[in-house]
Amino acid sequence: MAKAPNNSSKKNKPIITLMVVVLCIGAILGVKFVMAKNRDQLTQLKTARVKGNPKAPIKIVEYIDFQCPACAAGANMIKEFMKTHPDQIFVEMKYYPLAMHTHAFISSYYAECASRQGKFWEFHDLLIGRQAMWSKLPEVKSVFDDMAKELELKMDKLEACVNDEKTKEVVMKTREEGDLLGVKSTPSYFVNDKLIVGSKNLESELSALLSK
């Protein structure tokens, strides 16, 4: 006995197709939203560690270890160059903590977390300015916390950030990026894409560029 054609299934096909299309569009829009949000977050992280004139003819990308004495010397030198040539230099800071320095990683975490509260350069300056003191200590968390309080950072937010694996990933990604670019020691700089190693070599390079 032949069965009558199932008209209800035919009627349901357009509805099912429409639902599939809607779900696909929703998934695509969801992915785009997440990607856009991630891009915004990455942009915010990057722009928190830059200073100077974005249109400056001299662009410096520095790979820094906050416990490195030569990095402190280089940071102070760049600061002086920027005072005398404020429109000529643009700086971007990237982390390159070395395993040989006991506090290199944790100082980077604190600096990154300070950047999330809009105080990267202030914290950077305290780390550099007081490096001779904290670099010799067996434990530095309390010292870094005091620096954060001095800058009026939100301590609960800072604590959570310092212990967040995502913060550590940001630091490691910049270090890995440095490895890929040929960075082997600190301080290392890319001045208009040219690799310069050491603060003395940087001083020579900047002096030459600024004298043109």
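A cavity is a set of grid points where a 1.4 Å probe fits but cannot get out, and its volume is the space filled by probe spheres set on those points. One thing to keep in mind: this is a predicted model.

Q: How much space lies in the largest cavity?
A: Rolling a probe the size of a water molecule over the atoms shows where empty space is left. Here the structure holds 1 cavity of 30 Å³ or more. The space in the largest cavity comes to about 50 Å³.

Q: Which helices and strands each supply at least two residues of the lining of the largest cavity?
A: Let's begin with the lining itself, which includes Lys51, Glu62, Ala75, Ile78, Val91, Met93, Trp121 and His124. Now look at which elements give at least two residues each: they are H2, strand E3 (89–95) and helix H4 (120–129).

Q: Is Trp121, one of those lining residues, buried or exposed?
A: The cut-off for buried is under 20% relative accessible area. Trp121 has a relative accessible area of 14%, so Trp121 is buried.

Q: What kind of aromatic pair do Phe120 and Trp121 make?
A: A pair of aromatic rings is described by the distance of the centres and the angle of the planes. For Phe120 and Trp121, the centres are 4.9 Å apart and the planes sit at 85°. Planes over 60 degrees apart count as edge-to-face, so the pair of Phe120 and Trp121 is edge-to-face.

Q: Which residues form one aromatic cluster with Phe120 and Trp121?
A: A search of the whole structure turns up 10 aromatic pairs. Phe120 and Trp121 belong to a cluster whose other members are Phe66 and Tyr95.

Q: Which residue has its charged end over the ring of Trp121?
A: Look for a charged end 4.4 Å from the centre of the Trp121 ring. Tyr96 has a charge over its ring as well, from Arg175 at 4.5 Å. Over Trp121, the charged end belongs to Lys51.

Q: Where does Thr186 lie, and what kind of peptide bond joins Thr186 and Pro187?
A: Thr186 is in the loop between helix H8 (165–181) and strand E4 (188–191). With a relative accessible area of 12%, Thr186 is buried, and its contacts beyond four places in sequence include Tyr63, Cys68, Tyr96 and Leu98. Most peptide bonds are trans. The bond between Thr186 and Pro187 has an omega of about -5°, and it is cis.

Q: What is the phi of Glu152, and what is the phi of Asn192?
A: Most residues other than glycine have a negative phi. Glu152 sits in the loop between helix H6 (141–150) and helix H7 (155–162), while Asn192 is in the loop between E4 and strand E5 (194–197). Neither is a glycine, yet phi is positive in both. The values are about 60° for Glu152 and about 50° for Asn192.

Notes:
Residues numbered from 1 in each chain as written. Predicted model: local features only at pLDDT ≥ 70, side-chain atom pairs only at ≥ 80, totals over all residues. Heavy atoms only, no water. Phe/Tyr/Trp six-rings, centres within 6.5 Å; stacked < 30°, edge-to-face > 60°. Buried < 20%, exposed > 50% of the residue type's maximum accessible area, 1.4 Å probe, protein only. Lys NZ or Arg CZ within 6 Å of the ring centre and 35° of its normal. 1 Å grid on protein atoms, 1.4 Å probe; cavity = no way out; pocket = protein on both sides within 12 Å on 5 of 7 lines; lining within 4 Å. Helix = DSSP H or I, 4+ residues; strand = E, 2+ residues; numbered from the N terminus. Contact = heavy atoms within 4.5 Å.
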